[in-house]
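Thanks for coming. I have one model to go through today, so please look at the screen and follow along.

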Amino acid sequence: MTTSNSTVPAQHGMAEHSHGAGVPIQIRSARLRSADVADFGPVSRVEEQYRYITSERLAGLDADVLDEYIGDISIKHPEGVTTAWVGSEHPSFGAAGLPEDRPSAAAWGSAEQAYLVTLPGDATADCEVQIGINSETETPSALHIIIDAKPFSRGTVILDHKGSAVLGENVEIIVGDEAEITVISIQDWDTSAVHNSAQFAKLGRNSRLRHMVVSLGGKTLRVSTSAEFTATGGDVELLGMYFADAGQYIENRLYVDHAVPNCKSRVTYKGALQGDKAHTVWVGDVLIRMAAEGTDTYELNRNLLLTDGARADSVPNLEIETGKIEGAGHASASGRFDDEQLFYLQARGINEREARRLVVRGFLNEIIQKIGNEEIESRLSASIEAELERSGS
Amino acid sequence: MAILQIKNLHVTVETEQGTKEILKGVDLIIRSGESHAIMGPNGSGKSTLAYTIAGHPKYTVTEGEILLDGEDVLEMSVDERARAGLFLAMQYPVEIPGVSVSNFLRTAKTAISGEAPALRTWIKDVRGAMDALKMDNTFTERNVNEGFSGGEKKRHEILQLELLKPKFAVLDETDSGLDVDALKIVSEGVNRAKEANDFGLLLITHYTRILKYIKPDFVHVFVAGKIAEQGGPELADRLEAEGYDRYVKA
């Protein structure tokens, strides 16, 4: 196993070479990173990034050029937080990462300006920013958001996606030294929406990021979240919760890059599936590079299949280049709804439908309870109720 | 006065070796206030009887009937049976992650009585029953059966028995895995609940030791899927002295 250079240009050059050879890239750090959509070949099952998704599913988000996003963006934030539209010349543009696949690159090149939200260094833990993205535009469009949490800042940023868009999105999250922030991305779209979102986090010294992806509504939801440590003492928690109905496709791709010593990462994703052709994909890549001694990482994915005809793919990948680590582990399990649980609850008078709800709610609760925002918690609980209601289970 | 009648009950289960008949014609009548002990060696079908009464989908009734006050129990779903007044304290209650005991108890009580219990009296009832079973107050915040010790699981079952107030209670080896102190506490809970609600009790056990604390009116010896002998409490004493050998060899 090679230890590749962690600077972007070098990786780009190397990967371009491998890409040209037409051989699937095996080593995670060697994957192509580029802002230029022309560097990426078509969406095809041959490449790991697209092993589960099809071009058809992406509904045009893998085209060379997308429209610029023209839907609503609403924002609520306390004093001190600033917002601005910035061009690619801005130092924050591209500061947290670069696209690793075609749809992300297409959105990157098509959104000339990015919506920059800055949390100042004196922002406190109760600083809550809500960004509402609501669009009915069904032509494939591109949006770029940058969250810049300055050193020592605290706070929560919530990205709330609604409507029926076909949206290619890049979200950059810059977590400054000693900053501690939470970012929650909620995909609660109408049933026709198609959404590809690449979310890049870069963590500074002793910083903490809690990132959560909640995917509920939408025809195709694909969220790729990556976290890269740039200095020691970083701590990232990547949480996810999803609920796929009949015909719905939800993909979550995670990548944690431990490039420096003494950082910690936890990945916990839980999903429920019901209905014919409900399909979820979870791919969790964790790379512990040679230099990343003292790394402590654990990733977990659990899926609960409520009905026949649903499919959950779960693929944890752990690449370890050094033995001098605190701990590294992963767990992945997809199970059918447990009939014994159902029997137990029914034997206490609870009807089947209510029993199923209790079990699903319980299963997802572990994630919901970590949100730490009562309003959102109750909204998500209500959304899950509605999901269960729709299926008539 | 309620009555539970089991008539000529035959039950099969699917195994890897094909369909196997476990119960081979069981007849039993239990009335409100009566305590029946079913005793028998391993594999005699005692637990099958318990789960068949509760309606576990694993078991198929091929012949016979179960009537609760004349109503056909076999026609009812599992939850309908519970709402009709049947309760099964399970030997191996399953974990339900993420569902707290307090949420579970309230949901069950609401389902059984058809309306949500008045909050203040409900909390008082739960606390009172828990205190009596020597369960810590924080217990209600834990997830159902998750990380419970064997004793905690059994106390939790009996807590439900006290709170849900069934007409008939089937206790499936509630005494197994309990030390003497826990056995006493659990038995007292059963006696207290019975005193309060006058239910009919079907106590399934392998051992006689629980019968020191819960006095049966009738003892039935269960062998090879049928009742082989029945009598009063003195039959339990004889089993204590002689064991099941006499029946197994026969």
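In what order do the four strands of the open sheet in chain B run? The order is β2-β1-β4-β5, with antiparallel pairing. Before going on, a word on what you are looking at: this is a predicted model, where local features need pLDDT of at least 70, side-chain atom pairs count only at pLDDT 80 or more, and totals for chains, interfaces and linings use all residues. Residues are numbered from 1 along each chain as its sequence is written, and chains are lettered from A and ligands numbered from 1 in the order in which they are written.

Back to the sheet. Helices (H or I, at least four residues) and strands (E, at least two) are DSSP runs, numbered from the N terminus, and two strands pair if DSSP finds at least two bridges between them. In chain B, β2 (18–31) and β5 are the edge strands, each pairing on one side only. Strand β1 of chain B, residues 3–15, pairs with β2(B) in the antiparallel sense over 11 bridges. Within chain B, B:Leu4 stands opposite B:Ile30 of β2(B).

Next, the loop between β4 (59–68) and β5 (71–72) of chain B, where B:Asp69 lies. B:Asp69 is not a glycine, yet its phi is positive, about 50°. B:Asp69 is partly exposed, with 13 other C-beta atoms within 10 Å. The cut-offs are these: buried is 20 or more other C-beta atoms within 10 Å of a residue's own, exposed is 12 or fewer, partly exposed is in between, and C-beta atoms are placed from the backbone.

Now helix α5(B). Its 15 residues should span 21 Å at 1.5 Å a residue, and the end C-alpha atoms are 21 Å apart, which agrees. The expected span is 1.5 Å times one less than the number of residues. Of the 15 residues in α5(B), 12 are buried, among them B:His156 and B:Leu161. Their cover includes β6 (86–89), α3, α4 (119–132), β9 (168–172) and α6 (180–197) of chain B. Just after α5(B), B:Lys165 has a positive phi of about 50°.

Last, the contact between chains, where two residues count as touching if their C-beta atoms, placed from the backbone, lie within 7 Å. Chain B gives 20 residues and chain A gives 20 residues. On the side of chain B, the elements giving two or more residues are α2 (78–84), β7 (96–100), α3 (101–113) and α5 (150–164). That side of chain B has 14 nonpolar, four polar and two charged residues. Here Ala, Val, Leu, Ile, Met, Phe, Trp, Tyr, Cys and Pro count as nonpolar, Asp, Glu, Lys and Arg as charged, and the others, Gly among them, as polar.
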